[in-house]
Amino acid sequence: MRVRTRHRGPVAMSLVATAALVATSIGVPAEAAPSNNNSEKLRAAVTLEGVRRHQAAMQTAADLAGGNRFAGLEGHQRSVDYVVEQLRAAGYQPQLHTFTYDAFFEVTPTRLTQVSPTPSTYVNGNDFRIMSYSGSGDVTAPLAAPSGSPTACASADFAGFPAGSIALVSRGTCTFRTKTDNAIAAGATAVLIANNIPGVLNGTLGATGLSAIPSLGLTQALGQSLRAQMSTGSVVMHVVSNTRSQPLDTMNVLAETALGDPDNVVMVGAHLDSVSAGPGINDNGSGSAAILETAIQMAKAETHNKVRFAWWSAEESGLVGATRYVTSLAESELSKIALYLNFDMIGSPNFVRFVYDGDNSGGFADGAVGPAGSAAIEQAFVEYFASQGLASDPTPFNGRSDYGPFIARGVPAGGLFTGAEGIKTAAQAAVYGGTAGVAFDPCYHAACDTFANNSDTGLHQMSDAVAHAVITFAQNTSSVNGKEGKGNFKPRPSGATGGSGTEGGGGGLHDEHHDEEM
């Protein structure tokens, strides 16, 4: 893999100094104990206060840099420097995996209105969102649906499509880029992609350059309303978008434990970048902070397997950082990764304890069966929550966060999620509390995703689950990859200190929000 330490110039050094001041102002890492080598002890060490301290630093990083932590911009760089300094203080030797990517920006807010038959103005973020890497345009035209499958995954679906119209298609089966490209080939001037579940569709066309026309994701409700109106007559829409793309330099942060079998690696990741609209303290300061505090508190723990922590960049632009890392690995290095754990949004204010459904036993239409061992990771989380008297729910395993590149290469994966733009049901509210009919995170991808956008209860419970899973698999991966002997936990002799930390079991994630497919 192409991992190297970055050479710091004057600007980078000033950012390190700022990060150091932030760290000093809110506390330095607590001294990790060598005995934090089982679930009970590590969970006690990984406190809510410690996780929130890191989130506060990320909020400060955004505040000092225009209000966001977008990959390749100053707020993200400040976050990187903070994570690096915290890791070094804990005894790690972090490395930076640098890369350049084409960043996507909304120059001005996208607008969507209905001209006729009922003039209506729709709300950006509530009714629709622009697809990342959508093109620009100012289009007024009638809506038209594909004559074939509404998912528009084949060019033949657009047979007879009236050129110049705005295409209304459905989410499902293929990538949003495929749907958009098919519509362009048929002469569409814009594309509206309706969600197939409640909530606004937030997706990306993939970091492959801007599309030729605007492409927007709609809520399921708006899509259904527009189709109903189209069944009785012409519906004319107005779409305005102004977007651009430019290359930016950014980096992933990686750090691994000094101890543990290097041929049986447990990888743990969370993305460190935010969208450009806000600081992203839940998405994904929550996951980033939780794995940082876990890494700090287990820095001196004796583990049988090496643990490699990763803070990914440019996830919000299409899983770019994780994808670049995975593709940089030779097969011989990739084969050493026993499993990957992903933590993307674990402090949502209207939370549910979601666990990625690694074998799609829940039968999700947009779910998939993960590589062998993924179901065991899922079961480990489910059993852990049950051991604590806590309910959990499955969520589709669809590759739409940083675990996607890993499962594409056959690495078992799993993780946790507390919900994004999806709407909490009455049944979920009865189990988890909170408010039915409201998004799990009403500030998802918005300026209000600040330090205050958080459930202490949810974040505390999920951070404990993070610590449990990391140390459990750090000691024993046999339930996932079936390895016996080297790399697996062996009980200490009777009377010795320490333990296995397997209270939740060793064998087993969200309508993921950074959708590229289906």
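This is a predicted model: local features need pLDDT of at least 70, side-chain atom pairs count only at pLDDT 80 or more; totals for chains, interfaces and linings use all residues.

User: Which residues of helix α6 are buried?

Analyst: Helix α6 spans residues 220–230, and its buried residues are Leu222, Gly223, Leu226 and Gln229.

User: Why do the buried residues of α6 line one face of the helix?

Analyst: The general idea is that an α-helix has 3.6 residues a turn, so residues three or four places apart point the same way. In this structure, the buried residues of α6 fall within an arc of 130° when viewed down the helix axis, so they line one face.

User: What covers the buried residues of α6?

Analyst: The cover includes several strands, among them β1 (95–116), β4 (137–144) and β8 (236–256).

User: How many aromatic pairs does the structure hold?

Analyst: The structure holds 17 aromatic pairs. One of them joins Phe70 and Phe105 in a tilted arrangement, with 5.0 Å centre to centre and 45° between the planes. This pair links distant parts of the chain, 35 residues apart: Phe70 lies in the loop between α3 (48–63) and α4 (74–90), and Phe105 in strand β1.

User: Are Phe70 and Phe105 buried or exposed?

Analyst: Buried means under 20% relative accessible area. Phe70 has a relative accessible area of 5% and Phe105 one of 10%, so Phe70 is buried and Phe105 is buried.

User: Which charged end sits over the ring of Phe105?

Analyst: That of Arg244, 4.5 Å from the ring centre. Elsewhere, the charged end of Lys424 sits over the ring of Phe351, 5.9 Å from its centre.

Terms used. Residues are numbered from 1 along each chain as its sequence is written. Side-chain values use heavy atoms; hydrogens and water are left out. Buried means under 20% relative accessible area, exposed over 50%, partly exposed in between (1.4 Å probe, protein chains only). Helices (H or I, at least four residues) and strands (E, at least two) are DSSP runs, numbered from the N terminus. The arc is that of the directions from the helix axis to the C-beta atoms. Contact means heavy atoms within 4.5 Å. Rings of Phe, Tyr and Trp (its six-membered ring) pair if their centres lie within 6.5 Å; planes under 30 degrees apart count as stacked, over 60 as edge-to-face and the rest as tilted. A charge sits over a ring if NZ of Lys or CZ of Arg is within 6 Å of the ring centre and within 35 degrees of the ring normal.
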